[in-house]
Amino acid sequence: MSDMANGSTNDHRKHDPLLGRLTRSSQKRLFRKRYSKPGSAPGRFEPPQDQPTSDPAVDVLVYDADSVEEKRSVSLADAFDLVRDEAVTWINIVGHGDGRLIKEVGERLGIHPLALEDVMNVPQRPKVEHYPEYEFIVLQMVEWQNGVDTEQLSLFVTQRMVVTVQMKAGDPFVGVRERIRSGTQIRTRGSDYLAYALMDAVVDHYFPVLEAMANHLEDLEDRVLQVPTEELLHALHNMKRELIYLRRAVWPLREVVGTIARNETLRLSEITSVYVRDLYDHVLQVLDHIESYAEFASDLRDLYLSRASQRLNEITKVLTIIATIFIPLTFVAGVYGMNFNPAAGPLNMPELGWRWGYPAVWIVMLVIAGGMIVYFRRKKWL
């Protein structure tokens, strides 16, 4: 995954980047779920149709308290040749390809076909499953690229080995690799601690995404308080969708980490259990932020509707006042537009023959309009 980007623009004249997500494809994404053909046998091993089929990359890192051996872009056979009984081995596979390499991993580690099916058929709900020889964990990594983007991470944890499978190129575990190379306490721990460190890195990546969303929500709030537009309403609606999408990716993680923390599946050392409980607290913090942002987005939408209604009322009030001012002026103009002949009698509009009749009518009309404006201001209608 690429590094998180959390900037948001304050130029409201620019097209909101989130509006690009309001396409038919993004609407499908929220409810999309890949599934096997009804009636097919369970555990079918088929590569996803919409995923690139380029050869996956294999990185291996073997370490113990005294040494570290790391190789990038090697074959799976070479990676397993580096495995030592007294060391912890981390094999990271980037990409699914045509599925042959994933299938080979399953054969070497004795992975159940249902677990391999979950690796290939993405996205899966975050979960943890216990098998006699290994633990299978599914997580959702997230990043912010003018919207929430997710990537499935699959982990197989054995007594001395961790195998991770990513969907896309990129290294979200740079910090974990650096800690292993620098000889910190992770080198003296087992595979359970490595699995915790990888999960912790995944959860840590949620916070920059939340910060980016918070910045965008603040920007939307400023725009709502200024001039509400139809484009802004679309942006608010789309932000709500992004929060729902993020919540769906993160919410099951609470159950996953809670199950691991209770030692119901992954066999943790006493030291690692303490760190996993801390990770559980971080997951709860993420969920609290998501719930708060979702509520704030709903409040912004209500505020938008209120501001739009208020603006409409203000416009209607101004137009009504203008129309009200012109009512007496129209009456005066209508009276003097009747064109009665003054020569026919002394009461037939004698002002038409008066030298100052036309200026006098204008003065009367201006006085009426000015008097009404003053009256409206005193009543605080203007």
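Of the 382 residues in this protein, 44% are buried. Buried means under 20% relative accessible area, exposed means over 50%, and partly exposed is in between, with a 1.4 Å probe and protein chains only. The model is predicted: local features need pLDDT of at least 70, side-chain atom pairs count only at pLDDT 80 or more, and totals for chains, interfaces and linings use all residues. Residues are numbered from 1 along each chain as its sequence is written, and side-chain values use heavy atoms, with hydrogens and water left out.

Now the overall layout. The secondary structure comes to ten helices and seven strands. These are DSSP runs, numbered from the N terminus: helices are H or I with at least four residues, strands are E with at least two. Take the contacts with a separation of 6 or more: 70% of them are between residues 24 or more positions apart. Contact here means heavy atoms within 4.5 Å. The protein exposes about 20500 Å², and carbon and sulfur atoms supply 55% of that. Accessible areas come from Shrake-Rupley with a 1.4 Å probe; for residues, only the protein chains shown count as cover.

Next, helix 5. It spans residues 174-181, and its buried residues are V176, R177 and I180. Why are they on the same side of helix 5? Because they cover an arc of only 100° around the axis. That arc is taken from the directions from the helix axis to the C-beta atoms. What covers them? The cover includes strand 1 (57-63), strand 2 (68-71), strand 3 (88-94) and helix 6 (191-204).

Zoom in on I180. Its relative accessible area is 0%. Leaving out residues up to four places away in sequence, I180 touches L61, Y63, V68, W90, I186, R187 and L194. I180 and L194 are 14 residues apart in sequence, and their C-alpha atoms are 9.5 Å apart. Just after helix 5, G183 takes a positive phi of about 75°.

On to a loop. Q124 sits between helix 4 (113-120) and strand 4 (127-130). Buried or exposed? Q124 counts as buried, at 14% relative accessibility. A polar atom of the Q124 side chain lies 2.5 Å from the backbone oxygen of N121.

Last, the surface. I315, V318, L319, I322 and F326 make a nonpolar patch of about 450 Å². Patch residues have over 30% relative accessible area and no salt bridge; like charges are joined within 9 Å, nonpolar side chains (Val, Leu, Ile, Met, Phe, Trp, Tyr) within 5 Å. A salt bridge is a side-chain nitrogen of Lys or Arg within 4 Å of a carboxyl oxygen of Asp or Glu. I322 lies in helix 9, residues 270-335. At 42% relative accessibility, I322 is partly exposed.

Terms used:
Polar contact = N/O pair within 3.5 Å; in protein donor to acceptor, adjacent residues only side chain to side chain.
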